[in-house]
Amino acid sequence: MLELKDVNVTYGAIHAIHDVSLTVNDGEIVSLIGANGAGKTTILHTITGLKKAAGGDSVRRRAADAGGGTCADEQSQNHSDG
């Protein structure tokens, strides 16, 4: 499972991502589409931890192992200004 709740991302003074919420359940396949500059890469960077979310926002990941069970539950509440 992947869950984003009210995620905001900033690059210095630029507020790039505003209050994005998303849930992807185990076994689901999801596509993230949008125009150039819409924030697709920034959202993916935030999910993977390459870019930190601003404020008290959270990204939660729970990985499923090859046997179908869960092997990790990770939650990050990241704060960054750039």
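The model is predicted, so local features need pLDDT of at least 70 and side-chain atom pairs count only at pLDDT 80 or more, while totals for chains, interfaces and linings use all residues. Residues are numbered from 1 along each chain as its sequence is written, and side-chain values use heavy atoms, with hydrogens and water left out.

I begin with the charged pairs. The structure contains two salt bridges, a term that requires a side-chain nitrogen of Lys or Arg within 4 Å of a carboxyl oxygen of Asp or Glu. One of them joins the side chains of E3 and K5, at 3.9 Å from N to O. E3 is buried, at 18% relative accessibility, whereas K5 is partly exposed, at 47%. Here buried means under 20% relative accessible area, exposed over 50%, and partly exposed in between, with a 1.4 Å probe and protein chains only.

D26 and R62 also meet through their side chains, at 3.4 Å from N to O. This pair links distant parts of the chain, 36 residues apart: D26 lies in the loop between β2 (14–24) and α1 (40–48), and R62 in strand β3 (residues 58–64). Helices (H or I, at least four residues) and strands (E, at least two) are DSSP runs, numbered from the N terminus. D26 is partly exposed at 40%, and R62 is partly exposed at 27%.

I turn now to the core. Which residues form the largest nonpolar core? There are ten: L2, L4, V7, V9, I17, V24, I43, I47, A53 and V59. A nonpolar core is a set of buried Ala, Val, Leu, Ile, Met, Phe, Trp, Tyr and Cys residues joined through side-chain atoms within 4.5 Å.
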